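Morning, everyone. I have one structure to show you today. Let me put it up.

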Amino acid sequence: MPSSLISTQQLSSLLYLSLSLSLSLTSLVFVKMPSRYPGSITQDWEPVVLNKSRAKAQDLRNPKAVNQALRSGAPIQTVRKADAGSNKKAAPVVNARKLDEAAEPAALDRVSTEVRQAIQKARLQKKMSQADLAKQINERTQVVQEYENGKAVPNQAVLGKMEKVLGVKLRGKAVK
């Protein structure tokens with residue numbers, strides 16, 4: 001057989017290859033993707049006002065502003081002062097110090113001597129320093145010092161923590 005002749009099997013494979021190439025080329029259609037911005041890209045330089053400033057009270061009392069509001073038909077609020085235009089004296093001034101003394105107690109209660117001594121005695125019996133006691137009750141050392149010196153204002157939460165750690169009753173009538 002001459003070499004130029006092609007077998008049917010080779011011919012069918014060539015046809016299949018050419019057919020698949022033509023199909024793949026026709027299915028490859030190049031489509032231009034749309035851009036994000038449909039038109040030309042421009043910048044907007046117009047200022048944007050987010051909040052308008054409120055009119056000042058002084059400007060609202062200005063006669064020109066009031067007349068302009070009257071002409072435009074805007075609502076106007078008028079307030080009449082109680083003693084405007086009268087020559088009466090005001091009511092007598094009450095002594096401010098007397099009011100303060102009557103409304104507020106003179107001094108806050110401090111830790112009693114029984115409680116001070118009970119804290120010190122129990123702490124020393126347990127061989128603890130003020131810093132150790134403060135660490136166990138999650139307070140500052142200064143707080144324990146103030147309680148033992150009688151300078152602290154009693155706080156029930158702090159006294160409760162001290163009672164648990166020291167094993168002594170510090171609140172109520174039966175303080176030992």
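Predicted model: local features only at pLDDT ≥ 70, side-chain atom pairs only at ≥ 80, totals over all residues.

Start with helix H5, residues 113–125, and helix H8, residues 156–166. They pack at an angle of about 35 degrees. Their axes are 10 Å apart. The crossing of H5 and H8 is left-handed.

Which residues meet there? From H5, we have Val115, Ile119, Ala122 and Arg123. From H8, Leu159, Met162 and Leu166. By class, that contact has six nonpolar residues, one charged and no polar.

Now the salt bridges. How many does a search of the whole structure find? Three.

Take glutamate 148 and arginine 123. Their side chains meet at 2.5 Å, N to O. Glutamate 148 sits in helix H7, residues 141–149, and arginine 123 in H5, so the pair ties together parts 25 residues apart in sequence. Buried or exposed? Glutamate 148 is at 2% relative accessibility, so it counts as buried. Arginine 123 is buried too, at 10%.

Next, lysine 161 and glutamate 139. This salt bridge is 3.0 Å, N to O. Lysine 161 is in H8, while glutamate 139 is in the loop between H6 and H7. They are 22 residues apart, and the pair links distant parts of the chain. Lysine 161 is partly exposed, at 31% relative accessible area. Glutamate 139 is also partly exposed, at 26%.

Last, glutamate 163 with arginine 171. The closest N and O atoms are 3.1 Å apart. Here glutamate 163 is buried, at 15%. Arginine 171 is partly exposed, at 30%.

That's it from me.

Methods:
Residues numbered from 1 in each chain as written. Heavy atoms only, no water. Axes fitted to C-alpha atoms, helices over the stretch in contact; angles between N-to-C directions. Helix = DSSP H or I, 4+ residues; strand = E, 2+ residues; numbered from the N terminus. Left-handed = near helix turned anticlockwise from the far one by under 90°. Contact = heavy atoms within 4.5 Å. Nonpolar A, V, L, I, M, F, W, Y, C, P; charged D, E, K, R; others polar. Salt bridge = Lys/Arg side-chain N within 4 Å of Asp/Glu carboxyl O. Buried < 20%, exposed > 50% of the residue type's maximum accessible area, 1.4 Å probe, protein only.
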